[in-house]
Amino acid sequence: MVIPGLLDRAWCRRLHAAIERCQASPSQFYGVLSPPGELKVDSDLFRWFDDPDIAEVTHSSPLPVLGAELCGAGAAVLIEDQWFCSDPGAVSRSPWHQDHPYYNLDRPFVTVWVTLDDVAADAALRVVEGSHATGITYAPIEFSSSIDTIGGASELEPVPDVDADPDRFPVTTWDLQAGDAVAIDSRMLHSTGIREVADRPFRRLSTRYAHPDTRYLDLGDQAAVFWRMLPHGLSTGDPVAGEVFPLIEP
C-alpha cells in the first residue's frame, strides 16, 4: 500500500543530513550494493543505535504508528532501520526478493519503505501484487558487492525471473514524492528501479516492524549476517523484543 506524505519535507531534510553523517562514519554493517565500476549505491543498517535523527524517526515519528497499525497491535517491535543512497545518475536496482527469508523471525513482519527524494516510477520500488499470499518463500539473494550480507546457501527455491513473465508476476510501481511511503508484507516480492535516478542523490529509508508477540527462529546460514553480529543473545523460541529490538508503543 502507498501512504502519501507519511513523512513531511522537514523530516526528509533531516534524514538527508543523517545519511551524510552515516556515510562519513560508516558502521560495521555498511556496504556498497552496486557492482564495481558502476556509480555507487550504498547502504547501512541499525543506525538508530547512534544517530539521533534516525533514532527519532524509527521511534517517535509516523513510522512506528503505521508499523503497529499494520501489525494489528498497539505497539510494534523495531527490527531494523536501513538507509539506501544512489549517487546521481546511478541505477538504483536491487534484485527481486522477499524480506522474509533473511530474518530470524517466526512470523511475517512489515517493511515501511520511504522515499526521501521525488522519484519516477521506473526508478522507485516495484512490487509483485499478491505475491505475499502465495505461500512460497524464496531463497535470499546476495545484495552487496563489498561485503557478505547473508551467511550461506539456502534450500529454498530460487527467486523466479519476474520481469520475464509479466502475466504470472504483475508488477506495480508508482511516481512518488519525497516523504511518500510504500508498506509491504515481508513475503512480498519486490525490487527497486530499472532506470537511472535523476541528477541528484536518490535516498530512501526502510524500517521493519514486527508484532509484539514475535519470537526468534534461527534460520541458519541463509539468514542475514547481522543476526550473528548483534549482541541480542536470543535463541529459538525467545521473544524478540528487548534492548536490541525495542518494543515501541506509539
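Helices are DSSP runs of H or I with at least four residues, strands are runs of E with at least two, and both are numbered from the N terminus.

On the α1 side, the contact is made by Trp11, Arg14, Leu15, Ala18, Arg21 and Cys22, and on the α2 side by Asp53, Ile54, Glu56 and Val57. Contact means heavy atoms within 4.5 Å. Sorted by class, six of these residues are nonpolar, none is polar and four are charged. In this scheme Ala, Val, Leu, Ile, Met, Phe, Trp, Tyr, Cys and Pro are nonpolar, Asp, Glu, Lys and Arg are charged, and the others, Gly among them, are polar.

## A three-stranded sheet

Next, let us meet a sheet. Its three strands follow the order β7-β6-β9, forming an open sheet with antiparallel pairing. Strands pair if DSSP finds at least two bridges between them. At the edges are β7 (171–173) and β9, each pairing on one side only.

Strand β6 (residues 126–128) is joined to β9 by two bridges. Across this pairing, arginine 126 stands opposite serine 191 of β9.

## Serine 186 in its loop

Serine 186 sits in the loop between β8 (181–185) and β9 (190–191). With a relative accessible area of 0%, serine 186 is buried; buried means under 20%, exposed over 50%, and partly exposed in between, using a 1.4 Å probe and protein chains only. Setting aside neighbours within four places in sequence, serine 186 touches Gln98, Asp99, His100, Pro108 and Phe109.

## Threonine 207 in strand β10

Threonine 207 belongs to strand β10 (residues 202–210), and at 1% relative accessibility it counts as buried. Beyond neighbours within four places in sequence, the contacts of threonine 207 include Glu80, Asp81 and Val110.

## About the model

Residues are numbered from 1 along each chain as its sequence is written, and side-chain values use heavy atoms, leaving out hydrogens and water. In this predicted model, local features need pLDDT of at least 70 and side-chain atom pairs count only at pLDDT 80 or more, while totals for chains, interfaces and linings use all residues.
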